[in-house]
Amino acid sequence: MALEHALLVSLDERAGSGYELARRFDRSIGFFHSASHQQIYRVLHRMKDRGWVTGETVAQEGRPDKKVYRVAGAGHAELDRWVATPSEPDHLRSELAVKVRAARPGTLTELLAEITRHRDAHAARLDVYRLIEKRDFPESPPRRGPDLHQYLVLRGGIRVEEGFRDWCQDMLDALTPASEQDVP
């Protein structure tokens with residue numbers, strides 16, 4: 001996925017300045033696609049040059065003017081083209097999986113620490129996703145439109161994080177020597 005498409009989606013949901021977009025990106029689409037704030041600004045300028053977004057200068061009291069970006073007709077056409085283009089199913093690319101394959105008996109302690117770190121990171125991200133779900137979708141899932149789409153992506157993120165957390169725990173259970181496991 002090109003960063004352009006992720007930014008178009010975010011701007012399609014809500015217009016904003018480059019700064020607002022970068023902050024919003026960090027808290028939403030950024031969970032699925034990473035980009036630095038500098039990359040976001042560079043790509044915004046490229047998208048403006050292509051006619052995919054427009055930028056309107058908005059005066060602010062006591063602060064410098066800001067440029068608010070919106071998706072233009074050509075940007076909507078590009079999003080429609082992109083959505084309709086088949087993509088490859090995601091592949092699991094995991095450095096941790098390769099480390100597990102490469103581990104030798106002398107590296108078990110370090111490997112277990114690394115797996116524990118990954119498990120805890122996935123559990124923490126899962127907690128964030130569940131808080132977002134509770135905050136944004138407190139009652140029942142939305143039935144249609146952009147809210148439903150956001151909910152479905154969030155549910156996908158929850159399932160991915162549950163899967164990685166559980167996979168890490170399975171590896172810890174299998175790799176931890178019996179003498180170190182809590183045996184009732």
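Leu8 counts as buried because its relative accessibility is 0% (buried means under 20% relative accessible area, exposed over 50%, partly exposed in between, with a 1.4 Å probe and protein chains only). This is a predicted model, in which local features need pLDDT of at least 70, side-chain atom pairs count only at pLDDT 80 or more, and totals for chains, interfaces and linings use all residues. Residues are numbered from 1 along each chain as its sequence is written, and side-chain values use heavy atoms, with hydrogens and water left out.

Leu8 lies in helix 1 (residues 3-13). Helices are DSSP runs of H or I with at least four residues, numbered from the N terminus. Not counting residues up to four places away in sequence, Leu8 touches Met47, Trp52, Val53, Val71, Gly75, Glu78 and Leu79 (contact means heavy atoms within 4.5 Å).

The charged end of Arg50 sits over the Trp52 ring, 5.0 Å from its centre (CZ of Arg within 6 Å of the ring centre and within 35 degrees of the ring normal).

Now the aromatic pairs. The structure holds two. Rings of Phe, Tyr and Trp (its six-membered ring) pair if their centres lie within 6.5 Å; planes under 30 degrees apart count as stacked, over 60 as edge-to-face and the rest as tilted. Phe137 and Tyr151 have ring centres 5.1 Å apart and planes at 70°, so this pair is edge-to-face. Both Phe137 and Tyr151 are buried. Phe164 and Trp167 also pair edge-to-face, at 5.9 Å centre to centre and 65° between the planes. Phe164 is partly exposed, at 22%. Trp167 is partly exposed too, at 26%.

Note on methods
Helix = DSSP H or I, 4+ residues; strand = E, 2+ residues; numbered from the N terminus.
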